[in-house]
Amino acid sequence: MEERKYAWTFPHVKGTMSTANVMRMVLAALLPAAVFGIVHFGLRALLHMVICMITCMLTEFVFEAFADRPLAVTDCSAAVTGLLLSMMLPVGAPLWYGILGGVFAIAVMKMAFGGIGKNRLNPALCGYCLLLLLFSDTMRNYSFGDFGSSTLLGQFLQGTVVDPFPMILGNTNGGIGQTSSIAILAGAVLLLAFGIIRLRIPAAAAIAFVATLFLFGGRGFDQLYFTTQLCGGGFLLGIWFMAVDYVTSPITKNGQILYGLLIGVLAAALRLRGIEEAVVYAVLVGNLAVPLIEKITVPRAFGQQRLVKVHNEKHGGAA
Amino acid sequence: MAHVTFKGGVFPHKRKRFTREKVLEEYFPKGDLVYPLLQHVGGMAVPVVSPGERVLEGQLIAKASGDISAPVHASVSGTVKAVEPRMTVSGKMIPSIVVENDGQYEKISAPEMRPWQEMEAGEKLRRIREAGIVGMGGAGFPTHIKLAVQNPKKIKYVIVNGTECEPYMTGDYRRMVEEPEKLVEGLEIVLSLFERAVGVLALEDNKRDAITALQLAVRKESRMEIRVFETKYPQGAERMLIYSVTGMEIDSTRLPADAGCIVLNVETVCAVRRALAEGLPLTQRALTVTGKALKNPKNLLVRLGTSFAELPDAAGGFLKEPKKFVCGGPMRGTALPDLNVPVEKTSAGLLCMSKDYVFKPSACIRCGACAEVCPIHLLPARLSELAVEEKEEEFRRMHGMECLGCGSCSYVCPARKALAPSIQGMRRKLLAQGKR
């Protein structure tokens, strides 16, 4: 009966977008970076991804089944959380890290808050943060093949001069899905093309990040400096896939810009203090600021306070 | 061709191809005709006939009560069977006059009339009132009240709303294609009331044939222009259209006249012309009978009072099992649980859907799509929550009272939430309490 009630209210047609579609498109957009990670780091990377995704989905399923909530795990949002979490892990991390991080992300950071749409913080980032706090040495040990334990950005922040170009293609060490800037940007283009995200948040974050580094980094227009900062430390994955997370970002248009700027400035400030995972903390702080940001950016309603807005003379749309 | 348009809006499938090339056909009703006494905004009309009495087509059967009201006329000749409450499109039982059709279509003799060009403004308004004309786009506001503005010299635009932004609907389109000169004459009549106004025929850019036909019809009219806008829902909403035409934003508390505008639907303008050029009251309207469930969707000229139940047969019967009937377009139309309701002055179409979308809502994922498309720049997701929680103060502070009820937010919502209906419900409740 409840369901019929909705069927009698307007509108009687619907757009094609559903929550599950959105999540599937996000998964598709993550594919380039994920596939690159598997090719680059080998099957162990795939194993990390599978473990994280299964853990997240299973956790949500169990939670929903036992808490007698409507089954929403089929919307794939837990799969997105799992994949994002795995893409931040170093390939050498023990495989059970994914299970711990995934359970924490879903059970504590998502379901305990009330399930999809209710969480204040990005679950994948929270899972990653927990692992980083518990096992900071292993989680920062990016050694793989011929590469040492610290990333190019890590060495750079220590004061070493590095060549940042491997970070563009991805032929370096780092989080499983974070090394290839090109693959992440390809995913970003997909997100924009699918109409899943708008440019506001990532563009504002990138601009604020670069501007802050320019003002306080003391390196002027050094291209190598900016390339290293932008491509390293998961910054691109952070602004294109974490910061834009629907649930934990503002719904007001101006709020999205403000939120992006906040994340950019914070990430740059933390980087200047030598913290490699700056964007992770920046996004989480941004998440916390969302209720406040939304409160101060309620848009002006059409027709209020501005009765006359002349655009007619300029355009005059006569046929 | 510049396209000035409002921010936001959605692009549902237009689905006009079912009926856009179908010529308007007159439909002769088979069963009884039912005339609800309230088909407009304002006071309920008062019956002036009693059961057993014979009436003629065009005869007054219920007179207006008070100023904001509209009379009702018989659309066939026959015998009054009853005056009793009947189910209407709105889902409410409304006192109605039931007339048994005798199939003669005997018309009442038209009153002696001077040509409209010789009439005073007051006489024109009186005749519009006596013809029972109300806004036929769906609002049902009595047209003579709309036209009786305090200072007619302040009206700069008389806008004929030919945007027909609802998917499937093609009645206005056919009117414009088939009888552009009649529409232009109707606009001329309205313009004669507002000496400083320009007549604007507003269309969406998907109506090429109508644009061509109207261009030909207005070529000698110095006071009229055609404006073409982006095909986008809700382009035809009054406040959106005023913005597209004049660049002025009005809020929900203001009237179009505050922005120097009068906005009339195509069908309404046609009715004004019939009333003043031919002396005919409002007894029929163009109505699109369409949908995937029908064999032969059509545009019909339907006599008011005809039962919706007759219309599917007039359109060739069913091709597939109909799952849902909607009076009007799919965006803002009213679902009809039962087709045994009469066609009213405001009924633009009958949509027979072969698929019933049962929208089971899930949790809001705060994607912001609703805020992105809201033409009023509201935050529908938030307002809907506030409406459910009945937080009146905050609902008003977040401009909830400004909602148009266009349904764009519900249309895009990936969680399938009934955003617009809940916001509208809250808005109506507050309006009923006199809170703004």
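**View 1. Pairing of strands 4, 7 and 8 in chain B of the predicted model****.** In this predicted model, strand 4 (residues 54-55) and strand 7 (residues 78-87) of chain B pair in the antiparallel sense over two bridges, and within that pairing B:Val55 has B:Gly78 of strand 7 as its bridge partner. Strand 7 of chain B is also joined to strand 8 of chain B, to which it runs antiparallel, by nine bridges, with B:Val80 set against its bridge partner B:Val99 in strand 8. Strands 7 and 8 of chain B form a hairpin with five residues between them, and in the turn B:Gly91 has a positive phi of about 90 degrees.

View 2. Strand 3 of chain B is held to strand 5 (residues 60-63) of chain B by two bridges, and the bridge partner of B:Pro47 in strand 5 is B:Ala62.

**View 3. Cis peptide bonds in chains A and B****.** Most peptide bonds are trans. In chain A, however, the peptide bond from A:Phe10 to A:Pro11 is cis, with omega near -10 degrees, and A:Pro11 is found in the loop between helix 1 (2-7) and helix 2 (19-41) of chain A. In chain B, a cis peptide bond with omega of about -5 degrees joins B:Tyr233 and B:Pro234, where B:Pro234 belongs to the loop between strand 11 (224-229) and helix 6 (238-246) of chain B.

**View 4. Positive phi at B:Arg15 and B:Tyr105****.** Most residues other than glycine have a negative phi. B:Arg15, although not a glycine, has a positive phi of about 50 degrees, and this residue lies in the segment before strand 1 (25-27) of chain B. Because B:Arg15 has 20 C-beta neighbours inside 10 Å, it counts as buried. B:Tyr105, likewise not a glycine, has a positive phi of about 50 degrees and is placed in the loop between strand 8 (93-101) and helix 1 (121-130) of chain B; with 15 other C-beta atoms within 10 Å, B:Tyr105 is partly exposed.

**View 5. The contact between chains A and B****.** The contact takes 60 residues from chain B and 44 residues from chain A. On the side of chain B that touches chain A, the elements giving two or more residues are strand 11, helix 6, strand 15 (324-327), helix 12 (408-412) and helix 13 (419-432) of chain B. Among these elements, strand 11 of chain B gives the most, with five residues. The residues of this side of chain B divide into 38 nonpolar, ten polar and twelve charged.

**View 6. The largest nonpolar core and the surroundings of B:Ile159****.** The largest nonpolar core has 240 residues, and those with the most contacts inside it are A:Leu83, A:Leu125, A:Ile263, B:Val158, B:Ile159, B:Val160 and B:Cys370. Helix 2 of chain A gives the most to this core, with ten residues. Because domain 1 (1-28 + 119-357) and domain 2 (369-432) of chain B both give residues to this core, it lies between them. Leaving aside residues up to four places away in sequence, B:Ile159 touches B:Val200, B:Ala202, B:Leu241, B:Val245, B:Cys261, B:Ile262 and B:Val263.

Conventions. Residues are numbered from 1 along each chain as its sequence is written. Chains are lettered from A and ligands numbered from 1 in the order in which they are written. This is a predicted model: local features need pLDDT of at least 70, side-chain atom pairs count only at pLDDT 80 or more; totals for chains, interfaces and linings use all residues. Two strands pair if DSSP finds at least two bridges between them. Helices (H or I, at least four residues) and strands (E, at least two) are DSSP runs, numbered from the N terminus. A residue is buried if 20 or more other C-beta atoms lie within 10 Å of its own, exposed if 12 or fewer, and partly exposed in between; C-beta atoms are placed from the backbone. Two residues are in contact if their C-beta atoms, placed from the backbone, lie within 7 Å. Ala, Val, Leu, Ile, Met, Phe, Trp, Tyr, Cys and Pro count as nonpolar, Asp, Glu, Lys and Arg as charged, and the others, Gly among them, as polar. A nonpolar core is a set of buried Ala, Val, Leu, Ile, Met, Phe, Trp, Tyr and Cys residues joined through C-beta atoms within 7 Å. Domain bounds come from an automatic or database domain assignment.
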